[in-house]
Amino acid sequence: MRVLGIETSCDETGVAIYSEAEGLLAHQLYSQVKLHADYGGVVPELASRDHIRKTLPLIQAALKEANLSHTDLDGIAFTQGPGLVGALLAGSSIARSLAYAWKLPAVGVHHMEGHLLAPMLEDTKPEFPFLALLVSGGHTMMVAVKAIGEYEILGESIDDAAGEAFDKTAKLLGLDYPGGPLLAKIATQGTEGRFKFPRPMTDRPGLDFSFSGLKTFAANTIAKEGDDLQTQADIALAFEQAVVDTLAIKCKRALEQTKMKRLVIAGGVSANQRLREQLAVMMEKLNGKVFYPRTAFCTDNGAMIAYAGLARLKAGQTLDLAVKARPRWPINELPPL
Amino acid sequence: MKFEKYLENETATVALGKQLSSACQSGIVIFLYGDLGAGKTTLSRGFIQGLGHVGAVKSPTYTLVEPYDIQGLQIYHFDLYRLADPDELEFMGIRDYFEPGNLCLLEWPDKGGDLIPQPDLMVTMNYQGEKRVADIEAKTARGLEVIKKLN
């Protein structure tokens, strides 16, 4: 079975083809980040228009990359939610219509399910069950994964997402928005131990996160200490350590609670080097293992959608002809396979 | 007419949000000003939970708006921070959110241009060292009623 995957939930247009027998056959991506950077923010309608412009050429490019024709496909999977409604509708309409025209089954994929299954695209993949930490600009969530579609949300952010805290703190440090990755870069020049940020909500039981206070702590520190280059780097380091420690403490707690040994990290923040290293050390101590996708598949992409869609299509799950987007879609409402 | 409050910490900011919500009737538009980290979302959390919402009040930065339905009362919490062009609001159907009777909180309202209605209340959160000062100013007769209750 070969499935075409289409991702358009936010700023990236991703198209990929995944084959049950041969693995990933094609992966195409167009990022609007530069477009939005030029405007200094996200532009929802521009994003939708851009998805409309880019999706078909990317599908053609993916077919060419895989050396396939559309008649070689067995189904189309697309991101049905959650995300920006206009962006989702662009992908949903194209995917649903193409599937109809090509007489193929279509399936709507949950964006976060795509992310948490992304490590399955790698050679070293986790077996079920595992614990998944989903961390991105829009989401921070701890999920116990029994199998595909069997998700229990153990904790989530009660205010800012981890990636959002990165981006906003970067902005406070005078970096361009979204500057999370840039913050991590200047943190490498930081002085260990000059500042100590709190580890929010680690002193009480539970697996929820709160990152809004860290941003405030950063703002207060900048107000007090100034923002010369070295101070910027020191604040960036202290902030990054606080986020990574907090995520690690909660992961450890969740692993103990669920008695799981495998940890998956996914979403844009899972590309953070400090997070990966610290969790690798922690998992080794716990006699477990951490899994994450290659950097290209940490952020939004079509490959994870094709993979998740293939699993659901194989289980016979398909959509009717209606074009429907689900901007809000709790992951624990998904059906099992 | 104005109302000013010195806020010692986060708990005080949440408490002011609650106090503000109990002084508000339905159908009010509140603009929230202040730098990143000044406490706009924290105040909003107090406000929305004060109206009876149980659970988290997530930052609406990523989604632009988070809706709440509290026993038939519609509350919309906007954050226009990421918006590059006010015209974009037309495409998300902005006008539908401001039905009479709805409660609307808007962070970074200056990014909304002319496409958002005039506020009844303007709340400005200012840094004062690690503490905050909230200034609430009435812009309409309805807003004035709220300030009177707060005072």
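**Entry 1: the A/B interface**

I started with a pair that joins the two chains. The side chains of Glu130(B) and Lys224(A) meet in a salt bridge, with N to O at 2.9 Å. I note here that the model is predicted.

I then looked up the total for this interface. The count is three salt bridges between chain A and chain B. Polar contacts came next: the rule finds 10 residue pairs across the interface of chain A and chain B, both residues at pLDDT 80 or more. Which elements of chain A give two or more residues to the side that touches chain B? They are α2 (44–66), α5 (162–172) and α7 of chain A. From α7(A) comes the largest share of that side, six residues.

I also looked up the extent of the contact. On chain A, 30 residues are in contact with 25 residues of chain B. The size of an interface is often given as the accessible area lost when the parts come together. Here chain A and chain B bury about 2400 Å² between them. Carbon and sulfur atoms account for 55% of that area.

Arg2(A) pairs with Glu22(A), and their closest N and O atoms are 3.9 Å apart. Arg2(A) sits in strand β1 (residues 2–7), and Glu22(A) in the loop between β2 (12–19) and β3 (23–31), so this pair ties together parts 20 residues apart in sequence. Glu22(A) is exposed at 53%, because the cut-off for exposed is over 50%.

Glu122(A) forms a salt bridge with Arg294(A), with 2.9 Å between the closest N and O atoms. I placed Glu122(A) in the loop between α4 (111–117) and β6 (130–135), and Arg294(A) in the loop between β10 (289–291) and α10 (302–314); the pair therefore ties together parts that are 172 residues apart in sequence. Glu122(A) counts as buried at 16% relative accessibility. Arg294(A) counts as partly exposed at 39%.

For Asp245(A) and Arg199(A), the closest N and O atoms of the salt bridge are 2.7 Å apart. Asp245(A) lies in helix α8 (residues 229–258) and Arg199(A) in the loop between α6 (180–187) and α7 (212–225), so parts 46 residues apart in sequence are tied together. What sets the two labels apart here is the cut-off: buried means under 20% relative accessible area. Asp245(A), at 22%, is partly exposed. Arg199(A), at 17%, is buried.

I also noted a network. Salt bridges link Arg194(A), Glu225(A) and Asp234(A).

**Entry 2: a nonpolar patch on chain A**

Which residues make the nonpolar surface patch of about 210 Å²? I list Val85(A), Leu89(A) and Val323(A). Leu89(A) is partly exposed, with a relative accessible area of 35%.

**Entry 3: Gly39 in chain B**

Gly39(B) is in the loop between β2 (28–33) and α2 (40–50) of chain B. Its relative accessibility is 15%, so Gly39(B) counts as buried. What does Gly39(B) touch, leaving out residues up to four places away in sequence? The partners are Thr13(B) and Met125(B). I also looked up Leu7(B), 32 residues from Gly39(B) along the chain. Their C-alpha atoms are separated by 10.0 Å.

Methods:
Residues numbered from 1 in each chain as written. Chains lettered and ligands numbered in written order. Predicted model: local features only at pLDDT ≥ 70, side-chain atom pairs only at ≥ 80, totals over all residues. Heavy atoms only, no water. Helix = DSSP H or I, 4+ residues; strand = E, 2+ residues; numbered from the N terminus. Buried < 20%, exposed > 50% of the residue type's maximum accessible area, 1.4 Å probe, protein only. Contact = heavy atoms within 4.5 Å. Patch = residues over 30% accessible without salt bridge, like charges linked within 9 Å, V, L, I, M, F, W, Y side chains within 5 Å. Areas by Shrake-Rupley, 256 points an atom, 1.4 Å probe, with all protein chains shown as cover. Salt bridge = Lys/Arg side-chain N within 4 Å of Asp/Glu carboxyl O. Buried area = accessible area lost by both parts, 1.4 Å probe. Polar contact = N/O pair within 3.5 Å; in protein donor to acceptor, adjacent residues only side chain to side chain.
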